[in-house]
Amino acid sequence: MDVSLEFLGGLATSDNLTGSCTAISVSCGKKTTTILVDVGLVQGDVKNFFANNSKLLKSINPAKVDYVIITHAHIDHVGLLPFLVNNGFKGKVLCTKQTADLIPIMLADSFKIQRELAKRKCQHADERPRNKDRTSKETGPLFTERDVAKAINLIMKSGLTYKEQVKLSNQMTLKFYASGHILGGAISVLTMTEPKSKKVLRLGFSGDLGRQEGMLLYPPAVVKEPLDCWFTESTYGNKHHPERQPEVDELFATITEAASSGKKIIIPSFALQRSQELIYLLTLAMKSGKIPDIPIYLDSPMSVKLTEVYAKYWDLGSFKNKHTLDFNPFNKENPYVQFITDYEESIQLAGKMAPLIVISGSGMCDAGRVRNHLRVNLPSDQTIVCLVGYMSPASLGRKLQGNPAKVNMNGQEVIIKAQIKLFQSFSAHADCSELVDYAKAVLSVEATGQTIFILHGEETGSANLKQLLEAEFSPDGTQVVIPKEKEKLKIKVR
Ligand SMILES: [Zn+2]
């Protein structure tokens, strides 16, 4: 049995930590099984969007891929699935049932964004697509609406439960463990057995790893089987998260102040997981009387749809704090939250001056309805903007973090009189100590022949995590590697 790996994206040595993708080929006699763990979209670089994403085809032929394992529903882990379909993929998709429910909403939104981007690029270059459904190859989108539908069809055939063992071939099985990162997130364990010697090789992939103290989810489940290779993310490989409780208290104090002084609170939020965490947190605080009962509006059609999926799983054991509420906070009947999908209602809400809380996307303030809320309300000293998420360097959210006197939005100068507050502890990723602790929980610090591969991080994060892991594991026993993009490796079955 020959096992080889190719690292195709989301690496410290590539341009960008998005676009997660690792290829595994297992050859046994004449048969080769090819598996991809995640097929993420490379995000962030609008100018090189098409080139960055289509380069995957230089390394793999989608028609020859047997399985795609999706660790969770974030677009940087699943966004290229329709592109794979567009280029001949006919294999199976493997993900948890929660992920299967979330992905269609995420892919539909991603396609919409790409179509808008392609339109803007065409207009910019004064180059029109041949007809309104087709844009040129250079500007994208990377796939068609039909490919999205086909990809969703493949996903709908999936839907595994945690700890269920699935046979992929005579030599190989897959098992998912809860990653604690977002609803449905999975740590994936591939077990391969050499037919003659019966020797076993086990590969474990963290996907994105959640935190020990998640707001809604249980901490990452610990993989029980001994692993030979551990593929760990490293998003916060060089950071410690600040304690969350003081920041939660600060958010509650801000809401209390807004209620008494008639101010409005705007919280730009990621549609998946962060919005639902905020709904849960604020609902519980209002119900228990910790904060005054002022209206909460979830103003994002996408987030409203995703919240319906959370509602479906409220009674099915996915959330650690279910017992704290005697009703489902994600249902439309939640008395504290109003779910807004109508565009006109959103416009009216932006102009409304009253103590209220608006949760709206996009999380980094670069798209979506939150931009109108900000444009209308940033010039008012009766507004408080609470920034609770990661902001990429070029985003409007990052500019707001610097407390500027004004910002430019769509060519217009917007004066800022609103108060801006930063919250840094709401991340859904494990920080560097949690990443090291988890590696120690699933590997043996004394064993020999183990390898840790560090993926999904920026250069400094991955390098720092490497140092931390090397200090913990026996230097003769465990190799710690930061793979390069397109690097190929063979793995021995011991
Ligand atoms: Zn993620």
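Visitor: Which residues is threonine 307 in contact with, leaving aside its neighbours within four places in sequence?

Guide: In this predicted model, threonine 307 is in contact with Gln276, Ile279, Leu298, Phe330 and Phe339, once neighbours within four places in sequence are left aside. Threonine 307 belongs to helix H8, which covers residues 301-313.

Visitor: Is threonine 307 buried or exposed?

Guide: The cut-off for buried is a relative accessible area under 20%. Threonine 307 has a relative accessible area of 1%, so it is buried.

Visitor: What is the mean pLDDT of the protein chain?

Guide: The mean pLDDT is 92, and 95% of the residues reach 70 or more. Residues 127-136 are a stretch where pLDDT stays under 50. For those residues the model has twelve contacts beyond four places in sequence.

Visitor: How many aromatic pairs does the structure hold?

Guide: A pair of aromatic rings is described by two quantities, the distance of the centres and the angle of the planes. The structure holds 14 aromatic pairs. One of them joins tryptophan 314 and phenylalanine 330: the ring centres are 5.8 Å apart and the planes stand at 80°, so the pair is edge-to-face.

Visitor: Where do tryptophan 314 and phenylalanine 330 lie?

Guide: Both tryptophan 314 and phenylalanine 330 lie in the loop between H8 and strand E13 (337-340), and the pair ties together parts that are 16 residues apart in sequence. Tryptophan 314 and phenylalanine 330 are both buried.

Visitor: What are the centre distance and plane angle for the rings of phenylalanine 319 and phenylalanine 330?

Guide: The centres of the phenylalanine 319 and phenylalanine 330 rings are 5.8 Å apart, with the planes at 55°, so this pair is tilted. Planes over 60 degrees apart would count as edge-to-face. Phenylalanine 319 also lies in the loop between H8 and E13, and its pair with phenylalanine 330 ties together parts that are eleven residues apart in sequence. Phenylalanine 319 is buried, at a relative accessible area of 3%, and phenylalanine 330 is buried with a value of 3%.

Visitor: Which residues do ring pairs link into a cluster?

Guide: The cluster consists of Tyr280, Tyr310, Trp314, Phe319 and Phe330, linked by ring pairs.

Visitor: Turning to the metal, which residues coordinate the zinc ion?

Guide: The zinc ion is coordinated at 2.2 Å by His72 through NE2, His74 through ND1, His181 through NE2 and Asp208 through OD. In sequence, the spacing of these donor residues is H-x1-H-x106-H-x26-D. Histidine 72 lies in the loop between strand E4 (67-69) and helix H2 (75-78). Aspartate 208 lies in the loop between strand E9 (200-205) and strand E10 (229-232), so the pair ties together parts that are 136 residues apart in sequence.

Visitor: What angles are found among the four donor atoms of the zinc ion?

Guide: Ideal angles at a metal are 109.5 degrees for four tetrahedral donors. Here the four donor atoms of the zinc ion give angles of 91 to 165°, and the site is irregular. For four donors to count as tetrahedral, all angles must lie between 85 and 135 degrees. As for accessibility, histidine 72 is buried at 1% relative accessible area, and aspartate 208 is buried at 2%.

Visitor: Which residue does the side chain of glutamine 450 join in a polar contact?

Guide: The side chains of glutamine 450 and threonine 478 are joined by a polar contact of 2.9 Å. Glutamine 450 is in strand E19, residues 450-454, and counts as buried at 5% relative accessibility. Beyond four places in sequence, its contacts include Leu227, Asp228, Phe473 and Thr478.

Visitor: What does the side chain of asparagine 53 reach?

Guide: The side chain of asparagine 53 reaches the backbone nitrogen of valine 42 at 2.7 Å. Asparagine 53 lies in helix H1 (residues 49-54) and counts as buried, with 1% relative accessibility. Not counting residues up to four places away in sequence, asparagine 53 touches Gly40, Leu41, Val42, Leu80, Phe83 and Leu142.

Visitor: Is isoleucine 347 buried or partly exposed?

Guide: Isoleucine 347 counts as partly exposed, at 32% relative accessibility. Isoleucine 347 is found in helix H9, residues 343-351.

Note on methods:
Residues are numbered from 1 along each chain as its sequence is written. Side-chain values use heavy atoms; hydrogens and water are left out. Helices (H or I, at least four residues) and strands (E, at least two) are DSSP runs, numbered from the N terminus. Buried means under 20% relative accessible area, exposed over 50%, partly exposed in between (1.4 Å probe, protein chains only). Contact means heavy atoms within 4.5 Å. pLDDT is the predictor's confidence in each residue, from 0 to 100. Rings of Phe, Tyr and Trp (its six-membered ring) pair if their centres lie within 6.5 Å; planes under 30 degrees apart count as stacked, over 60 as edge-to-face and the rest as tilted. Donors are N, O and S atoms within 2.8 Å of the metal (3.2 Å for Na, K and Ca); water is not among the atoms, so sites may look incomplete. Four donors count as tetrahedral if all angles lie between 85 and 135 degrees; four count as square planar and six as octahedral if opposite donors are over 155 degrees apart and all others between 65 and 115; anything else is irregular. A polar contact is a pair of N or O atoms within 3.5 Å; within protein, one must be able to donate a hydrogen and the other to accept it, and residues adjacent in sequence count only if both atoms are side-chain atoms.
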